[in-house]
Amino acid sequence: MLVGLKCMLMRGGTSKGAYFLASDLPSDPAARDRILLAAMGSPDPRQVDGVGGAHPLTSKAAIVSKSTLPDCDIDFLFCQVVVDRPMVDTTPNCGNILAGVGPFAIERGLFPAQDGQTRVRVRTLNTGTIAELLIETPGGRVNYEGDARIDGVPGTAAPIAIDFLDAAGSVCGSLLPTGNAVDRVAGVDCTLIDNGMPVIVLEASCVGRTGYEPRDELDRDVELKARLEEIRIAAGPLMNLGDVRDKVVPKVCLVSPPEKGGHVSTRCFIPHECHASIGVFAAVTVATACVLPNSPGSRAARVPEGRVKTLSVEHPTGEFSVRIEVGGTVEKPAIDRAGLLRTSRLLFDGTIYVPSHAFAPV
């Protein structure tokens, strides 16, 4: 017997996920996770028996409701559904799936659209991070078509401007969980940082790579992956994350001097696959690391002058522009605000069917 659930499939940024109303899913995390695994088709490397796309970037879910906070409009729980293991990770943020939350909330009647543009304030329940999304809504309807282009997505779409209001330390408790811009971890200089996503930033040359290798080549590099996992496991406790063997955070990002006219070149691991581009919060966090004096990021990057900086973060399939407002002092900079541009598209709205055994208590 199959059980139907209302679901909207959406592209958010460079990711794709299933979007649900919280009221349509169990509140118990174990029951919820069983349903998400069945819906996406995990664990199975092909996810052939679900709507997952057989890749971490296309095996995601959003659970959305009206916010319980007076100064927020929408609450959003991000769920990373692991492809080949029966695991749903709600530890990290996802700025890409976040881009679809505002449109989804309007489509489902959780938030009223204005004529022209609609500003939606969204709280990510995973970390408490609050972001403002500015969505085009001519005639009070979400517009998905436009001229905005983001690398990693074919074609163009309507822009969604996202400003993160309090991303620093959202998972690790502080921007720099060790208090240092540079830490020696497993024999390598790293920046352990969290400006929305826990990331270990290190120079590619420190692990014997240029940082310009094609994504597929790095993804097949078993020796490199083993070395990065060694660093990641050692960094976990230092970042207040404990044993990270079974967690999708922290990510690892190799940085190099820019190659294509940007400000820094990156190869990001998420954490055991080399990303075809770079995630939203990872891009914000890496750009932040680049403005920290004497850090691995600052050594690799060509950081623009001025309090307000737009950094072009190069990745294997293009670039990602991050706007950062820097306060504090030269010696101890503070990140006042970080923002970026994403797009989203409604792909499918209907009913997803899940085997009834997913609803049965264990």
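This is a predicted model: local features need pLDDT of at least 70, side-chain atom pairs count only at pLDDT 80 or more; totals for chains, interfaces and linings use all residues.
Local features need pLDDT of at least 70, side-chain atom pairs count only at pLDDT 80 or more, and totals for chains, interfaces and linings use all residues. Residues are numbered from 1 along each chain as its sequence is written, and side-chain values use heavy atoms, with hydrogens and water left out.

Trainee: Is T118 buried or exposed?
Mentor: T118 sits in strand β6 (residues 116-124). Strands are DSSP runs of E, at least two residues, and helices are runs of H or I, at least four, numbered from the N terminus. Buried means under 20% relative accessible area, exposed over 50%, partly exposed in between (1.4 Å probe, protein chains only). The relative accessible area of T118 is 0%, so T118 is buried.

Trainee: With which side chain does the side chain of T118 make a polar contact?
Mentor: A polar contact is a pair of N or O atoms within 3.5 Å; within protein, one must be able to donate a hydrogen and the other to accept it, and residues adjacent in sequence count only if both atoms are side-chain atoms. A polar atom of the T118 side chain lies 2.8 Å from the backbone nitrogen of Q114. The side-chain partner, at 2.7 Å, is T137.

Trainee: Which residues does G196 touch, not counting residues up to four places away in sequence?
Mentor: G196 lies in the loop between β10 (188-194) and β11 (198-203). Its relative accessible area is 0%. Contact means heavy atoms within 4.5 Å. By that rule, G196 touches N93, A167, S170, F281 and T285.

Trainee: What volume does the largest pocket have?
Mentor: A pocket is an open set of points on a 1 Å grid over the protein atoms alone, where a 1.4 Å probe fits, with protein on both sides within 12 Å along at least five of seven lines; lining residues have an atom within 4 Å of a point. Here 34 residues line the largest pocket, and P56, Q80, V248, I270 and P271 lie nearest its centre. Grid points are joined across faces, edges and corners, and a volume is the space filled by probe spheres set on the points. That gives about 560 Å³.

Trainee: Which strand gives the most to the lining of the second largest pocket?
Mentor: The second largest pocket has a volume of about 230 Å³. Of its 14 lining residues, V291, K309, V326, V330 and P333 are closest to the centre. The top contributor, with three residues, is strand β15 (residues 318-328).
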